[in-house]
Structures are given as C-alpha cells and as structure tokens.
Amino acid sequence: ELQGTKNMDHMSSRLRAFLSEPIGEKDVVWVDGVSHELAINLVTKGFNKAYILLGQFLLMHKNEAEFQKWLICCCGATECEAQESSNCLKEWCSCFL
C-alpha cells in the first residue's frame, strides 16, 4: 500500500505503475514524463536507470525547479516532460523515503 499519496486517482497509469513497487533496476524510460527521445538523451549522459535519475533529483535536494531546469537545459526535455518527471520522482520519494 502506498502511504503519502492521497490522490492516486488523479495519477496517470504510468505514474501509478512506477509508484507501485521499488525502483530496482528499472530503465529510465519507466519514469513518468520520460519520452523515448528524452530517454535516449539521458542514456547518452549516463542516466540509463531510473535510480540514477532519482539520484540526480536527490543531489539537487529534491528541488523540483532546479531539477526541471537541468532536464530542460542539459537533457533536452520539454517543459511538460520536466514537470512530469520531477513530479514522478517527488511522489516516489514521498512513498519510499
């Protein structure tokens, strides 16, 4: 059962799937908001696993604005992708950390 997530019904099925279990060795494309194109850019930069992207989010002290800026500027994310990805990782943290 997920603690800390009050609004499961408002979540995309992709976000729900990501939050339904530990991050394990999931590829980065599992992160909600990460498109195929963005995944390629992330993998090229060494962010091939969801937990590595999560690590970047944690290094930025879970600062969503900073993380989104990094995704857009350094990884070629759209604003929408950046928002969905940071929200996904934030929700994951509130469930599992």
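Student: Leaving aside neighbours within four places in sequence, which residues is Leu53 in contact with?
Tutor: This is a predicted model: local features need pLDDT of at least 70, side-chain atom pairs count only at pLDDT 80 or more, and totals for chains, interfaces and linings use all residues. Residues are numbered from 1 along each chain as its sequence is written, and side-chain values use heavy atoms, without hydrogens and water. Contact means heavy atoms within 4.5 Å. By that rule, Leu53 touches Val28, Val31, Val34, Leu42, Phe47, Phe67, Trp70, Leu71 and Leu89.

Student: Which residues touch the most other members of the largest nonpolar core?
Tutor: A nonpolar core joins buried Ala, Val, Leu, Ile, Met, Phe, Trp, Tyr and Cys residues through side-chain atoms within 4.5 Å. Buried means under 20% relative accessible area (1.4 Å probe, protein chains only). The largest core has 28 residues, and those touching the most other members are Phe18, Val31, Leu42, Leu53, Phe67, Trp70 and Leu71.

Student: Which helix gives the most to this core?
Tutor: Helices are DSSP runs (H or I, at least four residues), numbered from the N terminus. Helix 1 (13-19), helix 2 (36-44), helix 3 (50-59), helix 4 (64-75) and helix 5 (79-96) each supply at least two core residues. The top contributor, with 6 residues, is helix 5.

Technical notes. Buried < 20%, exposed > 50% of the residue type's maximum accessible area, 1.4 Å probe, protein only.
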